[in-house]
Amino acid sequence: MKTALKDINNSAKTNTDAYIEECEKRFDDDVNRVVSTFLADSRCDIVLLAGPSSSGKTTTAGKIADKIRQSGRNAFIVSLDDFYLNRDDIPDGEDGLKDFENVTALDIDLIHSVFSELIENRRAELPLYDFKTGSRSDETKRIELGESDVIVVEGLHALNPVITDGLDESHLYRIYISVSSRVLGQDGEILLNKRNLRLIRRMIRDSKHRNVRAESTFNQWPSVLRGEDKYLFPFESYADVKINSFHPYELCIFKQQALEQLDTIESDSVFYEKASEIKRIFELVESIEPSLLPDDSLLCEFLR
């Protein structure tokens, strides 16, 4: 999908509220379509949701669970992040640092055990991971499934067959979510590709929620992309359905925060040229006041 910046600006400037509503409805309709397809197969009770960094997995998992509940079936959300090994047990990557992007950073045996328990006995004790200590919590979360209840599993590796090895395929429904759009300039040139759109989301989220400066986000980004290339994209085709999480008006509502973060990258930084290029693009974007962001928007995952 390609969207011209001039069209984004024109819609944002001439009818802001209607444009926001249109973008939100398009995404909501996609999620409704996916959930309806899933619910049509009564055998499926495990939804596997995967996508690259800053694709909106967490919010989308919540929206899917809500729509399943609205249909009359209950739903529980399980994050694969809770199955991380203790930090000291995670293998090192080629750079000598802990490789959190590798599927082997997860406790695969425990994942198989928990999922099997949920399918066969309809109940299980789920681990809880403490990211502050880098270790598994002593506490667990107990899930008991009713006859028609559903589990929504979200995580980078949710489509990796290693995760579902040995499970009955008839129980599984796989979803891939990502930013699947590009923003075009006046002459049809690509101003922002899919990865840059996700980088902008991550930069804003890191600043808002993790107290991480743009310099650090830019520095980590190549490692994130390598992990996606190795551990996610090879399994993208396994998805039963795909969702595009791009909301065209997001550039407008991100503008203020994006420019503020990009301005923190100093001229002597190796990322200065790239940051300056993105900044020049944002200076062409029509601004939308962040207070107009709907409370249930996927974009709240990054901006609030």
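Where is the place of Glu24? Glu24 lies in helix α2; helices (H or I, at least four residues) and strands (E, at least two) are DSSP runs, numbered from the N terminus. This is a predicted model, in which local features need pLDDT of at least 70 and side-chain atom pairs count only at pLDDT 80 or more, while totals for chains, interfaces and linings use all residues. Residues are numbered from 1 along each chain as its sequence is written, and side-chain values use heavy atoms, with hydrogens and water left out.

**Helix α2**
- The 24 residues of α2 (residues 16-39) should span 34 Å at 1.5 Å a residue, and the end C-alpha atoms are 35 Å apart, which agrees; the expected span is 1.5 Å times one less than the number of residues.
- Among the buried residues of α2 are Tyr19, Cys23, Glu24 and Phe27; buried means under 20% relative accessible area (1.4 Å probe, protein chains only).
- The cover over the buried residues of α2 includes α1 (5-14), α3 (57-70) and β7 (172-178).

**Glu24**
- Glu24 is buried but has no salt bridge, meaning a side-chain nitrogen of Lys or Arg within 4 Å of a carboxyl oxygen of Asp or Glu.
- Lys63, the nearest side chain of opposite charge, is 5.5 Å away from Glu24; Lys and Arg count as positive and Asp and Glu as negative, with His and the chain ends not counted.
- Beyond its neighbours within four places in sequence, Glu24 is in contact (heavy atoms within 4.5 Å) with His247, Tyr249, Pro294, Ser297 and Leu298.

**Sheet**
- Five strands form an open sheet in the order β3-β6-β2-β7-β10, with parallel pairing; two strands pair if DSSP finds at least two bridges between them.
- At the edges are β3 (75-79) and β10, each pairing on one side only.
- β3 and β6 pair over 5 bridges in the parallel sense, and Ile77 stands opposite Val152 in β6.

Key:
Buried < 20%, exposed > 50% of the residue type's maximum accessible area, 1.4 Å probe, protein only.
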